[in-house]
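Biologist: I am new to this structure. Please take me closely through one part of it, then on to its surroundings.

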Amino acid sequence: YPHEMSGGQQQRVMIAMAIACEPKLLIADEPTTALDVTIQKQILELIAKLQEKHNMSVLFITHDLGVVGEIADHVVVMQAGEIQEQGPVRAIFEAPQHPYTKALLACRPRLDRRPKRLPVIDDFMKGDGRPHIEERHRGAAPGDAIILEVKGLTKTFFLKEGLFGKRAVPAVKDVSFRLPKGKTLGLVGESGSGKTTVGLTVMRLHDATSGEVLFEGRDLLRLTEREMMAYRRRIQIIFQNPYASLNPRFTVGQILVEPMKIHGIGRDQRERVDLAFQMLERVGLSEQSFYKYPHEFSGGQRQRIAIARCLTMKPDVLICDESVSALDVSVQAQVLNLLQDLQDEFGLSYIFISHDLAVVKYISDQVMVMNDGVIVEMADSDEIYLNPKQEYTRKLLSSIPKGLEKAADLVV
């Protein structure tokens, strides 16, 4: 059944359904958006083979310009329902004419640069699309204060087999790492590598099988539910799916105010509402958003609401679980700039879980690579990309689409 397969396997089934009748035209609508780089590469190679075998045309709809640069012959750039520019992929990427096209090419984080601020669509539409030359220094020093330390974290799930049998499925195996205060730890790996399970287990949304999670020296896994309540406020998580993580029956105001009420933040309702308005403004949403429901917002706006909800708790640690993976490059750049501004202002510490290696390189001080529940490699972000020690890390890096690098150089 579909639920027994991974996302990559499900996507392959959808491809098999689509090509079963040997169509002349295959419309692929974001077929690889939420998939890790290695599965994405496999699916793109599969589509290319089928295209050659059946002499098939492909209409490939995506916001991933790196993929477009690798696989497309002709490109159509759309904005607000209108075609802004179209032509051969080489002409569009090497000599874009429309400001919107230039913005899309420049918004994407680069592997070879780390500007203090990513350019966004508005910069180019207002004629201010200048490159940000100043680089942001990343990395962790031995003397950095440690806010979170994980030791030997293990999580095993038990699945029923038959009437009485159980099968053990180890998801996280003896994981240990340290998160310095005010820094970002990137967590990368393929789908099913255990990244999300680590984040949920640290939050105690999953019960750990063994190990320690030391927050300022106190083991969270040994606390009672009552004792843990104070720490739930200080460690927050932004979930991967902005469509499923917000209660559809609550207004945005209720979504923001209820957690503050539970944790006793604010003297009264008026103060909580004022704080909610401040957070909406902080994440770039209007005051009118307070009175609307989640279905009235786009995916990027919902993700900002989820960030605002976390910020009302005034956390010390924020776990970002694929929080920008499903967003287009412009909204992604806005959210990454916002997360960086918040870290600069409040000294937040991030665990940034993602399969997008370019985004992880941009925002992380250190990167931890996971495979099959085990830490394969961990180092400063620049070091791990320039000099990967393990074959698995090299495999991940080699799967990154490279079609955008030259185009972005030409734009800036």
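Which side chain is joined to that of glutamate 190 by a polar contact, and over how many Å?

Modeller: The partner is tyrosine 392. Its side chain and that of glutamate 190 are joined by a polar contact of 3.0 Å. A polar contact is a pair of N or O atoms within 3.5 Å; within protein, one must be able to donate a hydrogen and the other to accept it, and residues adjacent in sequence count only if both atoms are side-chain atoms.

This is a predicted model, where local features need pLDDT of at least 70 and side-chain atom pairs count only at pLDDT 80 or more, while totals for chains, interfaces and linings use all residues. Residues are numbered from 1 along each chain as its sequence is written, and side-chain values use heavy atoms, with hydrogens and water left out.

Start with the setting. Glutamate 190 sits in a loop, between β7 (184-188) and α7 (195-202). Helices (H or I, at least four residues) and strands (E, at least two) are DSSP runs, numbered from the N terminus. Glutamate 190 counts as buried because its relative accessibility is 14%. The cut-offs are under 20% relative accessible area for buried, over 50% for exposed, and partly exposed in between (1.4 Å probe, protein chains only).

Now the neighbours. Leaving out residues up to four places away in sequence, glutamate 190 touches Asp36, Thr38, Lys195, Met370, Asn371, Tyr392, Lys395 and Leu396. Contact here means heavy atoms within 4.5 Å.

Take Lys195 and its helix. α7 is mostly covered, with seven of its eight residues buried. Lys195 is among the buried ones, together with Thr197, Val198, Gly199, Leu200, Thr201 and Val202. After α7 comes arginine 204, which has a positive phi near 65 degrees.

Next, Asn371 and its strand. β13 spans residues 366-371, and five of its six residues are buried. Two strands pair if DSSP finds at least two bridges between them. β13 pairs with β7 in the parallel sense, over four bridges. In that pairing, leucine 185 has glutamine 366 of β13 as its bridge partner.

β13 also pairs with β14 (residues 374-380). These two run antiparallel and are joined by six bridges. Asparagine 371 stands opposite valine 374 in β14. The hairpin of β13 and β14 has two residues between the strands. There aspartate 372 takes a positive phi near 55 degrees. As background, strands of a sheet pair through backbone hydrogen bonds, either parallel or antiparallel.

Elsewhere there is an open sheet of four strands. Its order is β6-β5-β8-β9, and the pairing is antiparallel. The edges are β6 (165-180) and β9 (218-219), each of which pairs on one side only. Strand β5 (residues 146-161) is joined to β6 by 12 bridges. Leucine 159 has arginine 167 in β6 as its bridge partner.

One more strand is worth a stop. Glutamine 79 lies in β3 (residues 74-79). Its relative accessible area is 21%, so glutamine 79 is partly exposed. Glutamine 79 is in contact with Gln84, His98, Tyr100 and Met125, neighbours within four places in sequence aside. From glutamine 79 to tyrosine 100 is 21 residues in sequence, but 7.9 Å in space, C-alpha to C-alpha.

Last, a helix. Valine 13 is part of α1 (residues 7-19). Valine 13 counts as partly exposed because its relative accessibility is 36%.
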